[in-house]
Amino acid sequence: MMRISFLLLFVMFTGLSGQAQNKNSLSKSEQDAGWKLLFDGKTTNGWRGAYSTVFPKHGWVVKDGELRGELSEGAESGDAGDIVTQKKYRNFELVFEWKLGKGGNSGVKYFIEERLPKPEKGSQAGYEYQLIDDATYIYQDKLLPQDLKTASIYDVMAAEKPDVKMEVWHISKIKVENEQIQHWLDEVKVLDVNRKDAAFKQGIMDSKYKDYQGFGSIPEGYILFQDHGHSVAFRNIKIREL
């Protein structure tokens, strides 16, 4: 019995070790398919502050293989500031895992241009894969409409999905190929739209981006992780250019 128990413990231990080693890493098949890591699990290499040449000195940290925004100010880009990739992307698949606490708000933006002048308040405009506590977050004294909920293109196109749970890990994917945009959540496609569609154009006209020149046809840009003053964690961030 002792020998069997030892073998079981050994298998369990080695299995867990294998899982830990696979965090923030790519398989051989992923590498062959063109996937690249945007976060190595140990450093902030490949990232910088938005409108900056350096990474923020506080707020964003690497702990336990996670890129964490340990943020508390409760304002959009009002704490440590947003962070962006060093490189611009046009057609791509981006996959990332994320976790928010109750009442949390964050987002992953793409097609970030860093237009000048820098916004005095808030975050640089871009297409935002919303991350938020769907069920309980209060915006303008009301519960959220669908186009402000998780996996939507924030304020433009609503994702079709139930409310997401907080304080657990989720996996998301953004796919951009020419004019077609898809958002995935936990391996389910929840948004699929073409930027030339009338519905997308109307979504922009009804949004806060209606006066942002060329918002519906931005050709490429940086990827941005948002500081919205709420703690958020990311891991296993990878991208493949198409």
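Let me begin with Ile83, which at 0% relative accessibility counts as buried, where buried means under 20% relative accessible area, exposed over 50%, and partly exposed in between, with a 1.4 Å probe and protein chains only. Ile83 lies in strand 5; strands here are DSSP runs of E of at least two residues, helices are runs of H or I of at least four residues, and both are numbered from the N terminus. Residues are numbered from 1 along each chain as its sequence is written, and side-chain values use heavy atoms, with hydrogens and water left out.

Which residues surround Ile83, if we leave aside its neighbours within four places in sequence? Taking contact as heavy atoms within 4.5 Å, the list includes Trp47, Arg48 and Gly49, then Phe55, Pro56 and Trp60, and also Ile223, Leu224 and Phe225. Pro56 is 27 residues from Ile83 in sequence, and the two C-alpha atoms are 7.8 Å apart in space.

Phe225 is also the bridge partner of Ile83 in strand 14, and strand 5 (residues 83-85) and strand 14 (residues 222-225) run antiparallel, joined by 2 bridges. Two strands pair if DSSP finds at least two bridges between them, and on that basis 5 strands form an open sheet in the order 2-5-14-7-8, with antiparallel pairing. Strand 2 (47-49) and strand 8 each have a single partner strand and stand at the edges, so one side of each is left without a neighbour in the sheet. On average, neighbouring strands of this sheet are turned by 25 degrees against each other, direction ignored, the axes being lines fitted to C-alpha atoms.

Now to the loops. In the loop between strand 2 and strand 3 (60-63) we find Tyr51, whose phi is near 60 degrees, a positive value in a residue other than glycine; at 23% relative accessibility, Tyr51 counts as partly exposed. The loop between strand 7 and strand 8 holds Glu114, which is not a glycine either and has a positive phi of about 55 degrees, but Glu114, at 16% relative accessibility, counts as buried. Pro117 is in the loop between strand 7 (105-112) and strand 8, and a cis peptide bond, with omega about 0 degrees, joins Leu116 to Pro117.

Turning to helix 3 (residues 198-205), its buried residues are Phe200, Gly203 and Ile204. Seen down the helix axis, they fall within an arc of 100 degrees, so they line one face of helix 3; the arc is that of the directions from the axis to the C-beta atoms. Strand 8 (127-132) and strand 13 (188-194) are among the elements that cover these buried residues.

Finally, a word on confidence, for which pLDDT is the predictor's own score for each residue, from 0 to 100. The protein averages a pLDDT of 89, and 87% of the residues score at least 70, but over residues 1-22 the pLDDT is below 50, and this stretch has 1 contact in the model beyond near neighbours in sequence. Where pLDDT is low, the predicted coordinates should not be read in detail.

Key: This is a predicted model: local features need pLDDT of at least 70, side-chain atom pairs count only at pLDDT 80 or more; totals for chains, interfaces and linings use all residues. Axes are lines fitted to C-alpha atoms, for helices over the stretch in contact, and angles run from 0 to 180 degrees between N-to-C directions.
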